[in-house]
Amino acid sequence: MGKVPPSLRSAISATTLIKKSPAAPTVSPSPPPPPPPQFRHFPKKNPSQRSQKTQIQTSPAISQHKEAIFKSPDLNDAKKLFNSITSTSRFPLDLRFHNSFLQSYAAISPIDDSISLLNHMVKTIPSFTPDRSTYHVLITNSCIKPEDSLSLVHQTLNLMVNSGFQPNQVTADLAVRALCSVDREDDAVELVKELASKHSKPDSYTYNFLIKRLCKCRALSTVYDFIDELRSSFDLNPDIVTYTILIDNVCNSKNLREATRLLSVLRDCGFKPDCFVYNTIMKGYCMLSRGSEAIEVYKKMKEEGVEPDLVTYNTLIFGLSKSGRVDEAQKYLKIMAETGHFPDAATYTSLMNGMCRKGNVLGALALLEEMEANGCSPNSCTYSTLLHGLCKGGRFLEKGIELYRVMKEEGMKLETASYATLVRALCRGGKVAEAYEVFDYAVESKSLTDVAAYSTLESTLKSLTKARHQGLV
């Protein structure tokens with residue numbers, strides 16, 4: 001990333017307004033430790049891939065004929081293509097080939113035709129014996145068809161059972177995720193209850209995935225009813241991940257009273273809130289600029305022996321800076337460094353944003369210099385924050401122009417707010433040609449859509465013309 005331009009450094013040293021705050025930490029430039037995982041409750045590996053048998057990979061024979069496979073959903077054409085491949089292939093036709101071929105056809109054809117193709121494959125190649133993963137191909141595709149009921153899913157499940165394979169937790173997981181991918185959450189709920197009563201209860205991954213989906217598209221009372229039904233009917237109880245999902249949902253909807261209640265329920269169920277839970281609640285308070293409550297959450301963590309992580313400090317510094325409590329935010333920046341958490345670009349950018357909001361733009365520039373001295377590279381968000389602060393009100397327009405040039409040299413995108421502020425400042429400063437040049441870069445770099453970039457420039461020029469006619473400028 002680009003360094004602070006010399007003229008910006010001279011601006012930093014030329015004023016006493018931006019002396020380094022005693023609260024700002026001195027951090028050694030040693031390499032930062034890897035940040036802790038923010039979603040450690042959720043494994044990166046898709047639970048639907050837990051069994052190798054469920055992974056559908058493309059075999060060499062399929063790769064050779066890939067373009068031909070997707071030409072037509074016609075069943076007869078599919079059978080002819082299968083016969084052609086099996087009779088001419090130089091590769092062994094294993095289970096992976098058959099599943100890949102079936103998957104390719106099922107994706108563009110009705111389920112009845114896909115089942116007919118499977119029967120043709122078995123008849124043509126007697127050595128081919130479908131296994132559970134073969135039927136999972138059909139089940140997954142039956143879930144994504146535009147049906148108003150689960151009739152197609154039941155059809156494929158019955159075929160699977162009649163072939164000697166009882167639906168298991170992987171079956172449920174694949175079906176639920178496929179249904180939710182096409183916004184069929186109600187059908188997913190119905191299927192989970194049906195499979196739990198007849199075959200197999202969903203595991204925690206499927207359970208929490210569905211809860212998370214329901215939180216996004218259903219009323220909270222509906223989600224609670226579903227949880228209660230699974231608990232009473234199938235002895236499926238929420239775990240700490242479930243409560244974290246619920247707490248995150250109510251915090252995002254700014255219902256912090258309910259978040260506090262859920263935290264008590266979590267404890268009553270024998271779970272100890274961890275750092276992720278506390279960070280989620282703290283984020284909710286910060287979204288509402290309620291810095292005092294966020295600090296109380298931090299103190300509660302410490303009291304209960306939960307060690308804050310990088311996300312904790314970044315969230316707290318963001319919330320305090322947003323609410324105008326920059327001095328306190330700098331205090332926690334120092335604590336953060338003392339406890340071994342290396343401040344990152346998000347940390348510094350939050351503080352710079354707070355400083356700019358308070359009018360201390362030169363102090364934010366000083367923090368940029370300190371940030372780079374500590375080995376932390378600014379990103380486009382950092383520069384956009386400073387650009388917005390420098391150009392707002394036109395006080396430091398020349399410095400803003402220079403910072404914009406640095407961003408342009410580095411190929412950084414402009415954020416909407418910083419772009420609008422820069423364009424307005426340029427127009428009001430009589431630099432209309434420069435404003436058009438910024439417009440061109442915003443479009444070329446795809447920082448904004450053509451319409452959004454032009455609308456901002458056009459509205460600014462109209463406002464400027466109107467103000468001149470009224471003698472205001």
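Reader: Is the crossing of α7 and α9 left-handed or right-handed?
Author: The crossing of α7 and α9 is right-handed. The term applies when the near helix is turned clockwise from the far one by less than a right angle; anticlockwise gives left-handed. A word on the source: this is a predicted model, where local features need pLDDT of at least 70, side-chain atom pairs count only at pLDDT 80 or more, and totals for chains, interfaces and linings use all residues. Residues are numbered from 1 along each chain as its sequence is written, and side-chain values use heavy atoms, with hydrogens and water left out.

Reader: What makes α7 and α9 roughly parallel?
Author: Their angle is about 25°, with the axes 8 Å apart. Axes are lines fitted to C-alpha atoms, for helices over the stretch in contact, and angles run from 0 to 180 degrees between N-to-C directions. Under 35 degrees is roughly parallel, over 145 roughly antiparallel, 65 to 115 roughly perpendicular, and the rest oblique. So α7 and α9 are roughly parallel to each other.

Reader: Which residues of α7 and α9 meet?
Author: From α7 come Arg132, His136, Ile139, Thr140 and Cys143. From α9 come Val170, Thr171, Leu174, Ala175, Ala178 and Leu179. Contact means heavy atoms within 4.5 Å. By class, this contact has seven nonpolar, three polar and one charged residues. Ala, Val, Leu, Ile, Met, Phe, Trp, Tyr, Cys and Pro count as nonpolar; Asp, Glu, Lys and Arg as charged; the others, Gly among them, as polar.

Reader: How do you know that the length of α6 agrees with its residue count?
Author: The expected span is 1.5 Å times one less than the number of residues. For the 14 residues of α6 (residues 111-124), that should be 20 Å. The end C-alpha atoms are 20 Å apart, which agrees.

Reader: Which residues of α6 are buried, and what covers them?
Author: Ile111, Ser114, Ile115, Leu117, Leu118, His120 and Met121 are buried. The cover includes α4, α5, α7 and α8. Buried means under 20% relative accessible area, exposed over 50%, partly exposed in between (1.4 Å probe, protein chains only).

Reader: Why does Asp203 count as buried?
Author: Its relative accessible area is 10%, so Asp203 is buried. Asp203 is found in the loop between α10 and α11. Asp203 and Val170 are 33 residues apart in sequence and 8.7 Å apart in space, C-alpha to C-alpha.

Reader: What makes α21 and α23 a roughly parallel pair?
Author: The axes of α21 and α23 come within 8 Å and cross at roughly 30°. That makes α21 roughly parallel to α23. The crossing is left-handed.

Reader: How many helices and strands does the protein have?
Author: There are 25 helices and zero strands. Helices (H or I, at least four residues) and strands (E, at least two) are DSSP runs, numbered from the N terminus. Of the 473 residues, 48% count as buried.
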